[in-house]
2 protein chains.
Amino acid sequence: MSTITDVAREAGVSVATVSRALRGLDRVSPRTRERVLKVANELDYVASPTATSLASGRTQVVGVVAPFLTRWFFATLVSAIEKTLRQHDHHVLLFDLEDDTYDQRLPLSQNMLWKRVDGVITLNLPMTQDELDLVDRLGLPLVAIGTPVADRPNVRIDEAQAMRTATEHLVSLGHERIAYIGAVPSNKAHIRTPQARLDAFREVMQSHGLAEHKQWILGSDWSADSASADTHTLLASDDRPTAIAAASDEMAIGAMAAARAQGLHIPEDLSVIGIDDHALSNVLGLTTVRQDVAAQGRQAAEILLRSLGVATDGGDETEVVVPTELVIRASTAPPTAL
Amino acid sequence: MSTITDVAREAGVSVATVSRALRGLDRVSPRTRERVLKVANELDYVASPTATSLASGRTQVVGVVAPFLTRWFFATLVSAIEKTLRQHDHHVLLFDLEDDTYDQRLPLSQNMLWKRVDGVITLNLPMTQDELDLVDRLGLPLVAIGTPVADRPNVRIDEAQAMRTATEHLVSLGHERIAYIGAVPSNKAHIRTPQARLDAFREVMQSHGLAEHKQWILGSDWSADSASADTHTLLASDDRPTAIAAASDEMAIGAMAAARAQGLHIPEDLSVIGIDDHALSNVLGLTTVRQDVAAQGRQAAEILLRSLGVATDGGDETEVVVPTELVIRASTAPPTAL
DNA sequence: CTGAAAGCGCTTACAG
DNA sequence: CTGAAAGCGCTTACAG
C-alpha cells in the first residue's frame with residue numbers, strides 16, 4: 001500500500017501539499033489539487049488512519065457502550081448508530097459491558113477509551129461517578145440514549161407517557177383488574193426506565209380510582225422467560241387480573257405465552273399490552289406502544305457528530321424526546337366479564 | 001494524560017526501557033521494571049493506542065462485518081466475539097453492511113479496513129472476489145462464521161444435518177404432508193445457508209418416499225412477517241399440510257402466529273419446527289434444532305486471535321462445526337388425522 | 001499557493 | 001540490562 005510520500009513523489013509536490021489537497025483545504029491551486037487527486041487515485045492511496053490520528057488527535061471512532069447487545073432494543077440502536085456515523089466517515093468501536101453473571105456489568109476503563117475514540121454514546125447505561133470523571137478527564141463528548149447521564153445530551157422517549165398510554169388503553173377498554181410486569185430489579189435500582197414506567201402505571205391506576213394489588217406487580221427481570229414464569233404464578237391464583245401491562249414487548253410476549261399455555265384465550269380471557277413494538281410484535285398480534293428505536297440511534301449519533309464539529313443538518317438540540325404511538329392489535333379487548 | 005516520556009523522566013530511565021518494562025519484555029532488570037510499573041501506575045499512564053499502532057503496525061482491533069445486526073443471530077454473535085476479544089485486549093470495530101433498501105449490501109472498502117484492523121470476522125457474509133482480493137492485499141487474516149469464505153477458517157453448524165434433524169423429527173411423528181418455509185431468496189442465491197437447508201429437507205422427504213408439493217415450498221425472506229404472510233396463503237387452501245419445517249425460528253414463529261390467527265391449534269392442527277433456538281423460542285413453546293450461536297462467535301474470535309499470534313488455549317483447527325441438538329417443545333405432535 | 005521541518009507518542013534494531 | 005536514534009505516516013504552524 002502506498003503512503004503520502006509515494007503520492008508526493010509521483011505528483012512532484014511536497015507531502016504537506018498532498019495532505020492539504022486530499023483533505024480539501026484551501027490554499028491549493030486547482031491544477032495541483034487535480035494532479036494530486038489523480039495520482040492518489042492511481043496509487044489506491046488511503047491515508048493511514050493510525051498516522052492521521054496520531055498527528056491530528058482525532059480517531060474518527062465513536063465508542064458505543066451497551067449493557068447488553070443481544071436484546072432487540074440494543075441491537076437496533078447499534079445498527080442505526082453505525083450507519084449514521086459511517087455516512088460521515090466515522091466508525092463504531094463496540095463495548096458490550098454485560099458481565100457473565102448478568103448481575104454486575106464491567107466498568108468503563110481508560111484502556112477502552114483513551115486515544116481510541118473521539119466520543120461516547122451510551123445505550124441505557126447508568127454511569128458511575130468514576131466513569132463520568134474518566135470521560136471528563138479524557139475530554140470526550142458523550143450522548144446518552146435512554147437513561148440520562150448527568151447533564152449530557154440525551155435522546156429518549158417519554159417513559160412515563162408511554163406507560164400512561166398503555167395503561168389508559170386498558171382502562172378505556174373497561175379493565176379494572178390490571179397486573180403489571182417489569183418492576184424495578186433490586187440490583188438495577190439505578191436504571192431509570194423501570195421506575196419511571198412503574199410510577200406511571202400507578203399514577204394512572206390511582207387517577208381512575210383503581211386498586212393496586214401488591215401481588216400483581218411482578219418483578220421479572222425484563223426477559224420473556226422470566227415474565228412467562230411470573231405470569232404462570234399470577235394466573236394460577238383464583239384472584240386473577242383481566243389485563244396485564246408489561247413494561248416491554250419481550251415481557252408481554254412471555255406473558256401471552258404463559259396465559260395460552262394455561263388454556264386462556266387472548267384477548268377474551270386476558271388482555272396484554274407492551275411497550276416497544278418489537279420486531280416480532282406485529283406477527284404475534286401484540287398491542288403495544290411503539291417507540292422508534294432506530295430514530296433514537298440516528299439522532300444520538302447526529303448530536304455527537306455535531307459536538308465533534310462534523311457538519312450534519314438539524315438543529316442543536318441537546319435534549320430529544322422521540323414520540324411514541326399506541327398500536328392496537330389483537331391482544332387487547334374489553335374484559336369478557338363486563 | 002501522561003505520555004511515555006513523563007513516565008521515563010519520573011522513573012529516571014529512557015523511554016525505550018519504559019516501553020520494554022511495561023510490555024513485559026525481558027532484558028529489563030526486576031528493580032527497574034518495578035520502578036517503572038510503580039511510576040506508570042501513579043501517573044495513570046496508558047499507552048496511546050494510536051501511537052503504538054503507528055509504531056508497531058498493529059491496532060488490536062478486529063473488524064466484525066455483518067449483513068444485518070438487528071436479527072438475534074447476528075447480535076448474539078457480535079456480543080460473544082466482543083467479549084472474547086476483550087479478554088485478550090482486542091476490540092471490535094463494527095460494520096453493518098445492510099443497505100437501506102435491503103436488497104443489496106454495501107461493499108467492504110479499503111477505507112474501512114486499511115491500517116484500522118488487524119483482522120476480519122465475517123458473519124454469514126458471502127464475499128465478492130473484489131472484497132477477498134482487498135483483504136488479501138491488506139494482508140488481513142479472516143475467519144468466516146456461517147457462510148464460508150474461500151478457503152479461510154470457518155466456524156458453522158452442519159446446515160444439512162440441522163434441517164435433516166428437523167425434518168426427520170416431523171416424519172418420525174407420522175407427518176407426510178410437510179411444507180417448507182425459507183427457500184432461497186432470488187437476490188441472495190449466493191448465500192449458502194438457505195440452499196443447504198432446502199436441499200436437506202428435500203433429501204429427507206425423498207428418502208421417505210414423501211411427495212414434495214411445489215406450492216408448499218415457501219420463499220419468505222427469512223423474516224417472521226414474511227413467513228406469516230406466506231403461511232396465511234398456504235393455510236387458506238383446502239389442500240394444506242399437517243406440518244411446517246421452517247429454516248429459522250423467526251420464520252417458524254411467524255408461521256405459528258399465522259396458523260393461530262386462522263383459528264388452527266398448534267400442534268393439534270399443525271406442527272411447526274424451526275432451527276436456532278431463538279431467545280423467544282422457549283417461551284413460545286417452539287420445537288427447534290438448537291445451535292449454540294455464542295459458541296460460534298467465541299471460537300471464531302479465538303481462531304483469529306491465534307492467527308494474530310495472540311496466545312489462546314485450544315488447538316489450531318481451522319474448520320469448526322458446532323453441534324446442533326433437537327429440542328422438543330409444544331409445537332410438534334403426531335398429525336391428528338392419523 | 002507551496003515546502004521544510006517539527007511534532008504526535010510510541011517501537012525497534014543497534015550499540016554498548 | 002539500558003539508552004540514543006531512527007522510523008512509523010501523517011498534520012500543522014511557520015516561512016516564503
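Start by colouring chain A by domain: domain 1 covers 4–47, domain 2 takes in 59–156 + 293–322, and domain 3 spans 159–292. Keep in mind as you look around that this is a predicted model.

**Stop one: a sheet in chain A**

Stay in chain A and switch to a cartoon view. Look for an open sheet of 6 strands, which you can trace in the order β7-β6-β8-β9-β10-β12, with mixed pairing. Which strands are at the edges? Select β7 (217–218) and β12 (324–327) of chain A: each of these edge strands pairs on one side only.

Next, pick out β8 (residues 243–246) and β9 (residues 271–276) of chain A, which are paired in the parallel sense over 3 bridges. To see one spot in that pairing, click A:Ala243 and look across to β9(A), where A:Ser271 is its bridge partner.

**Stop two: where two strands cross the chain boundary**

Bring chain B into view and select residues 91–96 in chain A, which is strand β2. How does it run relative to β2(B)? The two strands are antiparallel, joined by 3 bridges. Zoom in on A:Leu94 and you'll find B:Val92 of β2(B) standing opposite.

**Stop three: the whole contact**

Zoom out and select everything that touches between the chains: 52 residues from chain B and 52 residues from chain A. Together the two chains bury about 4,800 Å², with 64% of that on carbon and sulfur atoms.

One to visit is B:Asp44 with A:Arg137, at 3.9 Å from N to O.

**Stop four: chain B's side**

Hide chain A for a moment and look at the face of chain B that touches it. Highlight α4 (49–56), α5 (72–86), β2 (91–96), α6 (110–113), α10 (224–236) and α11 (249–261) of chain B, each of which supplies at least two residues to that side. Which element gives the largest share? That's α5(B), with 7 residues. Finally, colour this side of chain B by residue type and you'll get 26 nonpolar, 14 polar and 12 charged residues.

How values were computed. Residues numbered from 1 in each chain as written. Chains lettered and ligands numbered in written order. Predicted model: local features only at pLDDT ≥ 70, side-chain atom pairs only at ≥ 80, totals over all residues. Heavy atoms only, no water. Contact = heavy atoms within 4.5 Å. Buried area = accessible area lost by both parts, 1.4 Å probe. Salt bridge = Lys/Arg side-chain N within 4 Å of Asp/Glu carboxyl O. Helix = DSSP H or I, 4+ residues; strand = E, 2+ residues; numbered from the N terminus. Nonpolar A, V, L, I, M, F, W, Y, C, P; charged D, E, K, R; others polar. Pairing = 2+ DSSP bridges. Domains from an automatic or database assignment.
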